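Reader: Could you walk me through this fold with me asking and you answering? I would like to begin with the backbone and end with the sheets.

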Amino acid sequence: MSAREFPYFLPSEVALHKRPENCWLSCLGDVYELSEYVTRNSESPISQYLVGHAGKDASHWFDARGRLRRYVEPRTGRRQILLPFASPKPELGDGMSKPLHQPAAYGCCARYLEPGHVDDHSRLEATELTGKCWLELECLLSSRRYRRGRLTKKPRTCSITNVLTSQRAVITVCEEDSIGRIQERASIFNRHIGSYTCKFEGKLLQPAWSLTENGIAALESDSYLGSAGITYVPNLLCYFNDDLTEM
């Protein structure tokens with residue numbers, strides 16, 4: 001599946017999934033659904049940490065290569081994983097009652113890896129690092145197994161007006177969303193919206209293209225119209241096609 005085919009999510013959508021049985025997390029632009037892992041490994045400190053940060057972004061745990069941040073321990077000169085020592089302990093979810101701890105054993109992470117992911121250097125480093133169990137988290141988020149989609153780079157606000165009924169709804173969408181995906185988001189206001197064609201300023205919008213690709217540029221958040229302090233919100237006009245979708 002290409003990056004374009006992955007669905008995009010708003011940070012506010014990820015934030016709704018913050019329980020052990022419904023645990024999402026974003027990291028380095030990807031969105032992960034980790035409920036299965038957390039449920040299956042409920043006693044693991046990794047699961048406890050994931051639930052404590054569920055619904056949030058964990059990009060600051062990793063470097064640009066997708067590896068957990070390291071530091072050199074001044075007393076021993078050995079490289080150690082910065083997580084979780086440099087981060088505050090999270091509040092545990094309802095399904096996680098035990099406190100966080102640092103186990104001595106290192107759980108094997110091979111089952112989460114894509115073929116050829118681990119090189120000899122990584123294996124050697126894994127044997128030398130303290131807190132080795134946290135490498136399982138690194139392996140977990142480097143695998144595609146739990147990837148749910150992508151995190152939008154920019155939320156956008158737009159309005160959708162049903163020309164047939166004059167009803168108007170204002171929604172927040174992802175910059176990368178296609179017009180078809182925006183119509184799906186607006187289906188909570190009109191379940192037959194798939195039977196409508198969208199136009200903007202008289203121009204027919206391509207369903208597979210995003211707002212920007214359709215020529216609807218995004219203005220900066222501090223751009224206003226006039227002196228009234230009104231933020232610019234593009235208005236999409238939806239015209240009924242006379243072919244109701246099935247119930």
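Reader: Is leucine 28 buried, partly exposed or exposed?

Author: Happy to start there, with a note on the source: this is a predicted model, in which local features need pLDDT of at least 70, side-chain atom pairs count only at pLDDT 80 or more, and totals for chains, interfaces and linings use all residues. Residues are numbered from 1 along each chain as its sequence is written, and side-chain values use heavy atoms, with hydrogens and water left out. Buried means under 20% relative accessible area, exposed over 50%, and partly exposed in between (1.4 Å probe, protein chains only). Leucine 28 has 39% relative accessibility, so it counts as partly exposed.

Reader: Where does leucine 28 lie, and what is its phi near?

Author: Its place is in the loop between strand 3 (22–27) and strand 4 (30–33). Helices (H or I, at least four residues) and strands (E, at least two) are DSSP runs, numbered from the N terminus. Leucine 28 is a residue other than glycine with a positive phi, near 50 degrees.

Reader: And is glutamate 201, which also has a positive phi, buried or exposed?

Author: Glutamate 201 is found in the loop between strand 10 (196–200) and strand 11 (203–204). Its phi is about 50 degrees although it is not a glycine. With a relative accessible area of 70%, glutamate 201 is exposed.

Reader: Thanks! How many of the residues of helix 5 are buried?

Author: Helix 5 covers residues 135–142. Its buried residues are Leu135, Glu136, Leu137, Glu138, Cys139, Leu140 and Leu141.

Reader: What kind of aromatic pair do tyrosine 37 and tyrosine 146 form?

Author: The structure holds 4 aromatic pairs. Rings of Phe, Tyr and Trp (its six-membered ring) pair if their centres lie within 6.5 Å; planes under 30 degrees apart count as stacked, over 60 as edge-to-face and the rest as tilted. The centres of the tyrosine 37 and tyrosine 146 rings are 6.4 Å apart and their planes lie at 75 degrees, so this pair is edge-to-face.

Reader: How many residues apart in sequence are the parts that this pair of tyrosine 37 and tyrosine 146 ties together?

Author: Tyrosine 37 is buried at a relative accessible area of 1%, and tyrosine 146 is buried at 4%. Tyrosine 37 belongs to helix 2 (residues 35–40), while tyrosine 146 lies in the loop between helix 5 and strand 7 (147–151), so the parts that the pair ties together are 109 residues apart.

Reader: What is the angle between the planes of tyrosine 196 and phenylalanine 240?

Author: Tyrosine 196 and phenylalanine 240 form an aromatic pair that is tilted, at 5.3 Å centre to centre. Tyrosine 196 lies in strand 10 and phenylalanine 240 in strand 14 (residues 235–240), so the pair ties together parts that are 44 residues apart in sequence. Tyrosine 196 counts as buried at 9% relative accessibility, whereas phenylalanine 240 counts as partly exposed at 28%. The angle between the planes is 50 degrees.
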